[in-house]
Amino acid sequence: MNFEQMKRNALTEWNELENSDAPRIYLGYATCGCSAGAIEVEDAIRAELKKKNIAAKIVKVGCIGICYLEPLVDIAKKGRPRICYGRLTPKDIPKLLEDYLINDNPRADLALGTLGNGNIEGINNLFELPMLKPQVRVILRNCGMIDPENINHYIANGGGYSGLARALGMKPEEIIAEIKKSGLRGRGGAGFSTGTKWQFCRDAPGTEKYIICNADEGDPGAFMNRSLLEGDPHSVLEGMVIGAYAIGATHGYLYVRAEYPLAIVRLNIALEQMRKHNLLGDNILGSGFSFDLTIKEGAGAFVCGEETAMIASIQGQRGMPNPRPPFPATSGLWGKPTNINNVETWASAAAILQKGWDVFAKHGTEKSKGTKTFSLVGKVARTGLIEVPLGMTLRKIVYGIGGGILNNKEFKGVQTGGPSGGCLPATALDIQIDYERLSEAGSIMGSGGMIVLDNDTCMVDLAKYFLSFTKNESCGKCVFCREGTSQMYEILKDISEGKGKHDNIELLSELGMAIKDGSLCALGGTAPNPVLTTIRHFKNEYDAHIKEGRCPAKICKALIAFYIDPAKCIGCQACAKKCSVNAISGDRKMIHVIDQAKCIKCGNCIDACPVKVGAVNKVGNKKEIPKVPEKPIPTGSWSK
Amino acid sequence: MCPGSVVMSEKVKNVLKQFDRDKSNLIPLLQKVQKIEGYISPESVKEIGHHLNVSENYIYGVASFYAQFRFTRPGKHTIKVCLGTACHVRGGERVLENIEEDLKIKDNETTPDYKFSLERVACFGCCALAPVMVVDEKVYGSMTPAKAREILSQYRGKD
């Protein structure tokens with residue numbers, strides 16, 4: 001079967017689905033959707049369809065990125081666009097199906113928007129939502145739209161595998177030239193020119209070459225790659241086959257985190273379908289080019305995201321980095337020339353070959369072309385996976401797309417680049433996001449994690465959190481990384497416990513610079529960044545901990561204290577019942593009192609106190625506790 | 001050797017048959033064995049070493065490097081609490097503390113009745129629903145200490 005026939009078959013199948021008489025129900029079935037309740041919602045839908053004797057087609061799609069509204073369900077009737085409904089629970093299903101499928105009421109009150117051609121009165125297009133409108137979807141174009149387990153859906157939509165079919169008719173050099181012209185840079189974080197990287201590996205002597213897809217998305221707080229692999233695995237795989245042909249690789253590996261089981265399942269399905277369609281294996285699409293792919297599951301080591309460590313891990317060894325040079329492009333897996341790219345880089349390459357370099361390069365800034373996916377999470381109102389043209393300001397992302405800070409609190413900063421990155425303060429809100437400007441501001445692009453922080457985030461605690469991560473993940477090869485990160489962690493721990501010394505900041509800075517210089521790989525080379533950038537932008541918080549023994553964000557347990565406001569306490573015992581250490585005394589109708597010596601500062605009392613009462617308070621330093629009764633006294637009897 | 005380990009070693013031998021005697025298969029092999037046994041037992045290490053012609057030391061060297069491998073028997077249910085950055089800033093630590101207190105074990109420990117094991121995980125990639133915890137294969141999002149305790153009690157009730 002040639003590619004044209006394949007495309008016709010795919011379109012026939014897709015059109016049959018789109019034009020079917022039976023209604024179609026699309027379920028957002030990525031890991032995020034499932035954890036938000038998609039599985040229970042699916043059960044409810046199937047039960048209800050059976051009960052009402054409705055024949056509907058259920059299609060499981062990936063995540064469209066508006067994760068905070070999950071679980072998402074789209075319902076489509078013949079000749080009408082899909083209607084997307086969010087935050088559904090099994091309880092909502094019987095009524096919704098009855099209203100729309102039987103009584104033809106599309107429930108505009110519940111709908112988030114429509115998808116596809118056509119209008120439905122009272123419902124806007126989904127892409128008009130403030131979270132989606134500013135986005136440009138090149139890489140995520142299929143996520144949430146197609147069934148990721150059906151290769152025909154990929155082929156029928158947006159030119160799936162046409163990039164590969166086109167590439168196989170080109171000379172490898174021409175492909176590399178096109179990638180170079182597009183301006184694509186490595187999406188794993190380093191931002192190296194992808195075309196140039198491919199060129200190095202192509203030019204390396206040898207007939208046996210390898211390519212690897214780095215899907216070991218280890219940055220905590222980042223899930224762009226998971227979402228893409230779960231929602232549109234073929235886009236990544238198409239990019240890999242194109243790259244393999246351009247480079248002259250004989251075999252490829254996908255190194256996927258073991259924490260992503262659903263991505264692994266979908267990749268396996270996709271690979272099987274590719275082999276059946278002659279898009280993988282011997283003589284791909286009759287071109288004479290042969291290539292195959294193997295999945296390697298990671299085993300939980302952050303350092304394996306580093307190229308040489310990943311190679312060691314694929315070879316069955318401890319994942320420890322090796323000095324470069326030699327670079328993997330000349331001596332990588334099994335000592336052969338090897339090219340490693342991130343998931344998103346491979347998917348971008350497929351998009352470039354499908355649509356042309358100019359369609360990609362028209363987005364972005366002078367040096368950072370194209371679009372980039374980010375996981376927008378933390379204390380932001382609308383969390384999810386987004387794709388924007390590079391050059392968009394942080395403000396537009398946080399306030400426009402993200403809808404500002406959760407619960408209308410105050411913006412404090414944004415953490416980008418994971419444990420290798422840094423924290424940007426409010427003054428950085430107007431910088432345009434690209435590789436250069438982020439690094440000028442002291443952070444990095446990284447793979448795309450974007451964690452928004454509000455005033456309840458303690459920057460010393462956050463720096464300590466990252467150092468505890470890198471200290472645990474350091475492979476131990478380089479002394480500065482192994483010992484240095486532990487020492488930095490200990491100093492930060494002291495500061496967070498009020499035991500900081502006046503020269504600690506200087507010591508952290510000095511140690512940080514030494515770790516950067518004395519480490520072989522990027523893990524150590526960037527590990528001090530979260531500390532150095534928080535010192536640079538939030539030094540006042542360090543000072544408050546060290547000089548005043550106070551945690552301004554009221555997070556560091558050794559410093560903070562809880563007390564019950566005697567003027568507000570109604571003596572309901574809700575807090576006392578939830579206190580696991582019996583630190584709260586007071587019978588019913590008595591003002592409760594916290595025994596500071598017993599309190600472990602777990603904060604359960606704040607959760608337990610009824611919102612309208614709000615009697616439990618937190619202070620950054622125990623000296624800030626106002627005068628309260630020493631022992632429980634009857635409610636209403638307190639006067640200062 | 002107790003009768004239990006004979007049965008176990010049979011299962012492991014069946015897994016071994018699926019892999020070439022190539023050192024590069026060590027990690028996938030350990031993963032498969034752990035999937036069946038729940039952990040990597042000393043007996044399994046011996047069998048694997050024999051199959052791949054590597055020393056037990058070498059196997060422990062590789063296996064102990066990766067967070068995924070465990071060398072003690074896990075509980076019936078494994079609770080993993082995510083402490084990725086998004087979960088951290090949204091209170092994942094408090095969820096973990098409450099579970100630790102509820103089960104009276106620390107992370108990386110198993111209850112004496114082998115019902116629950118507790119682990120902390122760097123990131124599950126469900127950051128938009130932070131804080132997250134996973135029981136066996138099921139992911140629970142938007143956790144609070146109270147919700148976490150409630151879910152634990154459901155699992156207690158199931159057995």
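This is a predicted model: local features need pLDDT of at least 70, side-chain atom pairs count only at pLDDT 80 or more; totals for chains, interfaces and linings use all residues.

Mentor: Helices here are DSSP runs of H or I with at least four residues, strands are runs of E with at least two, and both are numbered from the N terminus.

Several of its residues are buried, namely A:Ala263, A:Ile264, A:Arg266, A:Leu267, A:Ala270, A:Leu271, A:Gln273 and A:Met274. When you read that list along the helix, bear in mind that an α-helix has 3.6 residues a turn, so residues three or four places apart point the same way. The buried residues of H10(A) pack against both helices and strands of chain A: the helices are H4 (151-156), H8 (224-231) and H9 (233-247), and the strands are E7 (251-256) and E8 (292-297). Just after H10(A), A:Asn278 adopts a positive phi of about 60 degrees.

On the H9(A) side the contacts come from A:Pro233, A:His234 and A:Leu237, which meet A:Arg266, A:Leu267, A:Ala270 and A:Met274 of H10(A).

From here the view widens to the nonpolar core. In soluble globular proteins, nonpolar side chains tend to be buried together. In this model the largest nonpolar core has 232 residues, and those with the most contacts inside it are A:Val241, B:Val132 and B:Met133. Leaving aside neighbours within four places in sequence, A:Val241 touches A:Leu164, A:Leu279, A:Leu280, A:Ile284 and A:Phe291. Another core, of 16 residues, lies apart from the largest one and has A:Ile584, A:Ile591, A:Val593 and A:Ile594 among its members.

A:Arg87 has a positive phi of about 50 degrees without being a glycine, and its place is the loop between strand E4 (82-85) and helix H3 (93-102) of chain A. A:Lys554, also not a glycine, has a phi near 60 degrees and belongs to the loop between helix H21 (539-548) and strand E15 (561-564) of chain A. Their surroundings can be set side by side: A:Arg87 counts as partly exposed because it has 15 C-beta neighbours inside 10 Å, whereas A:Lys554, with 22 such neighbours inside 10 Å, counts as buried.

Cis peptide bonds occur in each of the two chains discussed here: one runs from A:Arg324 to A:Pro325, with omega near -5 degrees, and one joins B:Ala130 and B:Pro131, with omega about -5 degrees. A:Pro325 sits in the loop between helix H11 (307-314) and strand E9 (338-342) of chain A, while B:Pro131 sits in the loop between strand E3 (116-121) and strand E4 (133-135) of chain B. Chain B itself has seven helices and five strands, and of its 159 residues 38% count as buried.

Definitions and conventions:
Residues are numbered from 1 along each chain as its sequence is written. Chains are lettered from A and ligands numbered from 1 in the order in which they are written. A nonpolar core is a set of buried Ala, Val, Leu, Ile, Met, Phe, Trp, Tyr and Cys residues joined through C-beta atoms within 7 Å. A residue is buried if 20 or more other C-beta atoms lie within 10 Å of its own, exposed if 12 or fewer, and partly exposed in between; C-beta atoms are placed from the backbone. Two residues are in contact if their C-beta atoms, placed from the backbone, lie within 7 Å.
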